[in-house]
Amino acid sequence: MKPGPEEFTTALRALMMPSDTNHQGTVFGGVILSRIDQAGYLEARKNGRHRWVTASIDQVNFVAPVYDGDTVSFKTRTIKTGRSSVTVEIRVEAERHSTGDVVQVTNANLTMVSVNAAGIPIPFNSPPTIGAAS
């Protein structure tokens, strides 16, 4: 059964490794931002098999750190659609390696735009523009 628009689905999960962390053992914010972008793409792609580019990311406030060994979940849902754009909400949660506790790390909204090979926005509900040659 397909989730309703109010429900989040897990788009991406990642185990945080020492290479993701600073000298204090906490994960770099940029690592989380990169994965937020990836999760946004995966959610946007549900709305059309196109090239999707990130047009904007709203304010991202980190409310809890992520540590080496934590498993981070990037949960997504589409909250708004336009002609060529999709706004995706992403909830980031970390499962602590040491305790199994789950903590919210941050939330973000991304606007993703479907584009053709020339980078021109196209309606996201148009026929697929990606295939084996893309």
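Predicted model: local features only at pLDDT ≥ 70, side-chain atom pairs only at ≥ 80, totals over all residues.
Local features require pLDDT of at least 70 and side-chain atom pairs count only at pLDDT 80 or more, while totals for chains, interfaces and linings use all residues. Residues are numbered from 1 along each chain as its sequence is written, and side-chain values use heavy atoms, with hydrogens and water left out.

**View 1. The salt bridge of Glu 43 and Lys 46.** The structure holds 4 salt bridges, a salt bridge being a side-chain nitrogen of Lys or Arg within 4 Å of a carboxyl oxygen of Asp or Glu. Between Glu 43 and Lys 46 the N to O distance is 3.0 Å. Glu 43 is buried at 5% relative accessibility, whereas Lys 46 is exposed at 56% (buried means under 20% relative accessible area, exposed over 50%, partly exposed in between; 1.4 Å probe, protein chains only).

**View 2. The salt bridge of Glu 93 and Lys 75.** These side chains meet with an N to O distance of 3.0 Å. Because Glu 93 belongs to strand β4 (residues 85-95) and Lys 75 to strand β3 (residues 71-81), the pair ties together parts that are 18 residues apart in sequence. Strands (E, at least two residues) are DSSP runs, numbered from the N terminus. Glu 93 is buried, with a relative accessible area of 16%, and Lys 75 is partly exposed at 23%.

**View 3. The salt bridge of Arg 77 and Glu 89.** The closest N and O atoms of this pair are 2.7 Å apart. Arg 77 in strand β3 and Glu 89 in strand β4 link distant parts of the chain, 12 residues apart. Both Arg 77 and Glu 89 are buried.

Methods. Helix = DSSP H or I, 4+ residues; strand = E, 2+ residues; numbered from the N terminus.
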